[in-house]
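Q: I would like to learn how to read salt bridges. Could you walk me through them with an example?

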Amino acid sequence: DYPVGVAFDNVTNSVWVANYTSNTVSKVDIFTGDRIDYTVGINPRAVVFDNVTNSVWVVNYASNTISKVNIFTGARINYTVATKPFDIAFEGVTNSVWVTTDETTNIFSKVNIFTGARTDYFDRYSPRGITFDNVTNSIWIGNYFPFISKVNIYTGARTDYATGLSNEQLYGVVFDNVTNSVWAVSY
């Protein structure tokens, strides 16, 4: 299965796992351990919970899609995104998911959770990890090169910050609303 992405869904009290080699996402009940697998696109690598539409969104790296999966029924809708999607974040302010891509594409996208309408933004630093900051209503992107970027969710305008690291790849980022900080891990 090669699990590579995980998200918690507090509506059905389940953990959702992206299984890279089996092209599935698994719903695992946190109390019983019962598991249901749902087929998604090719090489799913990241997953996020959306509490507005009660869905999980799965990044499908090799099929250039994201899948919206209903948490109750498993019904799926696929949306095309830029080549080699990498990571995903949900934000309920503009009702969007934000998707980063592999370094060969240098794009991050904003996708409407109701319509699938997509807006692409160019990122010269090769976007990787992504997270939503509910304090400043921003998206933070960890880049392949040693920069972290703060993106305005309304305009897509970006401010880049050097990390002080050299040749680091920021694969994972998370927002900490206790200290109003962004934490990043490098590859």
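Q: Which residue's side chain meets that of Asp-37 in a salt bridge?

A: Let's begin with the background. This is a predicted model, where local features need pLDDT of at least 70, side-chain atom pairs count only at pLDDT 80 or more, and totals for chains, interfaces and linings use all residues. Residues are numbered from 1 along each chain as its sequence is written, and side-chain values use heavy atoms, leaving out hydrogens and water. Side chains of opposite charge can pair when their charged atoms come close. A salt bridge is a side-chain nitrogen of Lys or Arg within 4 Å of a carboxyl oxygen of Asp or Glu. Here, the partner of Asp-37 is Arg-35, with 2.8 Å from N to O.

Q: How many salt bridges does the structure hold?

A: There are 5 salt bridges. Among them is the pair of Asp-120 and Arg-118, whose closest N and O atoms are 2.8 Å apart. Another joins the side chains of Arg-158 and Asp-160, at 2.8 Å from N to O.

Q: What about Asp-120 and Arg-118?

A: Asp-120 is partly exposed at 34%, and Arg-118 is partly exposed at 35%.

Note on methods: Buried means under 20% relative accessible area, exposed over 50%, partly exposed in between (1.4 Å probe, protein chains only).
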